[in-house]
Structure formats: structure tokens, C-alpha cells
Amino acid sequence: MHTSFSDGSASPEAVVEESCHAGLSCVSITDHDTMAAVKSAQAAGVEWGIEVVAGIELSTQVQDKDIHILGYFMDPDNALLVQKLGEFRATRFARINAMIENLKKQGIDNLSFEDIKAEAQSDALGRPHLAAALVKQGWANSPWQAFDKYIGDQCQAYVPKHQQSPKEAIALIRQAGGVAVMAHPMVTKRDELIAGFVDQGLGGIEVYYPNCPDATIFYYEGLARKYKLAMTGGSDAHGKNKSNTWIGKKRIPCELVEQLRVRAKRSSE
Ligand code: AMP
Ligand code: ZN
């Protein structure tokens with residue numbers, strides 16, 4: 001799940017409280033390119049009697065296609081991880097600034113980086129924050145329209161994110177004591193890459209994802225068995241920033257969490 005430290009709308013404490021009300025006993029915070037929410041979520045977890053697994057969602061690319069790699073059970077203080085995440089966030093800030101400059105050339109001259117950052121209160125600024133600003137300033141009626149007209153992958157103002165290969169992300173997660181998992185393969189639709197990722201140290205795939213037909217889930221259970229991968233899942237809740245999912249919408253049995261914990265120990269050895 002995502003918090004306001006990346007592109008979710010709720011604080012880490014609020015996410016954990018809501019998880020408790022949803023009847024969950026173990027959750028993971030997987031913000032984009034930051035683990036800044038993990039410790040406060042874990043402290044809230046102690047209060048609410050929920051385990052909060054340290055997590056991350058890293059952006060990688062294969063031939064311009066965004067592949068998201070999740071990591072679980074890393075040490076949030078791991079030196080290389082802390083350093084790399086700092087670099088990723090710095091390039092995110094520079095990228096939003098570059099897109100603001102590109103939009104200026106199209107006559108959109110009232111977007112301020114400081115306003116967007118203050119409004120977002122986020123450590124990992126992304127296009128959803130820029131889309132919100134475009135809506136707020138009246139340039140688009142909805143975030144979707146902002147993407148369509150101004151900041152979608154094919155638009156003039158678009159600037160790509162920092163470049164990182166899945167192999168690098170997998171290695172970064174593993175050296176920090178974690179297990180690397182391919183996020184929502186049914187959304188990414190690049191299953192032909194999975195075998196290569198397994199050779200590079202991938203430990204799992206996200207099989208259980210909201211808004212997926214059972215047949216799709218059965219298919220990914222099969223792929224996980226074929227490649228001997230851990231099966232993970234969750235709601236991918238972003239609070240108010242993603243209306244088709246919410247905390248507790250997708251649940252997995254505790255047994256899968258225990259298998260993932262074992263896998264993280266093995267994966268980082
Ligand atoms: P970024 O990682 O900064 O490039 O932003 C990508 C994120 O923007 C995705 O994870 C989605 O949450 C969101 N997004 C992408 N396309 C759209 C769209 N057409 N409408 C609304 N949100 C979108
Ligand atoms: Zn997100």
C-alpha cells in the first residue's frame with residue numbers, strides 16, 4: 001500500500017489504523033522510491049497489533065516499458081539502499097521541474113514546483129502530483145485529462161524517470177536483506193520477461209491483485225509454480241488517489257507472508 005510519502009493520500013498512521021479496521025493482521029507499505037513511511041507505520045502497527053512489513057516499489061525500465069519491482073523485508077537503514085533511494089528522489093524532483101518548464105513552453109505558466117511539493121507533502125514526487133496541480137489551476141478537468149493532454153508518455157512535456165534496469169533493482173533489494181517481487185504482472189503485460197528476471201534473482205510475483213478475474217489469478221499462480229516463485233498480493237491502495245481499490249480489497253493468507261519471509265532470508269544470503 002502507498003502513503004502520502006509517495007502517491008498515496010493517507011499518512012502511514014492512518015493507513016495502519018484503517019488496515020486494523022479492515023481486519024488485516026499483516027500489511028506492507030510499498031511507497032515508490034522511499035521507505036520514509038516504514039518506521040512510523042511500524043510504530044503504529046505496534047499500537048494497533050498489526051505487523052507492518054518494510055517494503056518498497058522501485059521503477060525500472062525495459063525498452064521504455066515501466067516495470068515495477070517490489071521489495072519486502074529490507075533493512076530500511078541499509079547504506080546502499082538509503083543512498084540510491086536519495087538519488088532516485090532527487091531525479092524525481094528534477095524531472096517534475098523539467099516537465100514544469102516544458103509546460104511553460106505550451107503557455108502553462110502558473111505551476112510552481114514549491115506549491116506542488118507543499119501540496120503533495122511527498123518524498124517521491126510523480127506525475128499524479130503534477131496532474132493534481134494541472135487540475136487545480138484549471139488546465140484539465142480531471143487527472144486523467146491532464147495525462148491525456150499534457151503529461152502522458154506520448155505528450156510533448158513528458159520527461160522519463162531515472163533509468164534503472166530490473167536487474168539493478170533486484171540486486172539492490174537483495175543486498176539490503178529483502179526479496180524482490182515483480183509487481184502486478186497482469187497490468188504490466190510483459191510475462192515473457194519473467195524467466196530472465198528469475199535468473200537475475202527475482203523471488204516472487206504479485207499474483208493476487210484487485211480487479212482481476214479469477215482466471216488471470218489462476219494463470220499467475222501457475223507461473224509462480226513453474227518458476228518456483230513466492231506468491232504475493234495486496235490491494236495496492238493509494239487512498240483517495242486511486243478510486244478502484246482500497247485497503248483490504250485484496251487479501252492473502254498469512255501462510256504466504258511466512259513463505260515470503262523465509263524467501264527473503266534465503267534471497268539475501
Ligand atoms: P510517474 O511514476 O511519475 O511516471 O507516474 C505514473 C503514475 O501515474 C502511475 O503509476 C499512475 O498511478 C498514474 N497514471 C498514469 N497514467 C495515468 C492516467 N492516464 N490517468 C491517471 N493517472 C495515471
Ligand atoms: Zn503509486
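I began with helix 2 (residues 38-48), which lies across strand 1 and strand 2 (51-62), at about 150 degrees to strand 2. I took helices (H or I, at least four residues) and strands (E, at least two) as DSSP runs, numbered from the N terminus. Axes are lines fitted to C-alpha atoms, for helices over the stretch in contact (heavy atoms within 4.5 Å), and angles run from 0 to 180 degrees between N-to-C directions.

I noted that this is a predicted model, in which local features need pLDDT of at least 70, side-chain atom pairs count only at pLDDT 80 or more, and totals for chains, interfaces and linings use all residues. Residues are numbered from 1 along each chain as its sequence is written, and side-chain values use heavy atoms, with hydrogens and water left out.

Six strands form an open sheet of mixed pairing, in the order 1-2-3-4-5-6; two strands pair if DSSP finds at least two bridges between them. Strand 1 (26-29) and strand 6 (230-233) are the edge strands, each pairing on one side only. Strand 4 (residues 179-182) and strand 5 (residues 204-208) run parallel and are joined by two bridges. Within this pair, Met182 stands opposite Ile205.

I then turned to the nonpolar cores, which are sets of buried (under 20% relative accessible area, 1.4 Å probe, protein chains only) Ala, Val, Leu, Ile, Met, Phe, Trp, Tyr and Cys residues joined through side-chain atoms within 4.5 Å. The largest has 36 residues; Leu202 and Ile205 are among those touching the most other members. A second, separate core of 20 residues includes Leu103 and Ile151.

Definitions and conventions. Chains are lettered from A and ligands numbered from 1 in the order in which they are written. Buried means under 20% relative accessible area, exposed over 50%, partly exposed in between (1.4 Å probe, protein chains only).
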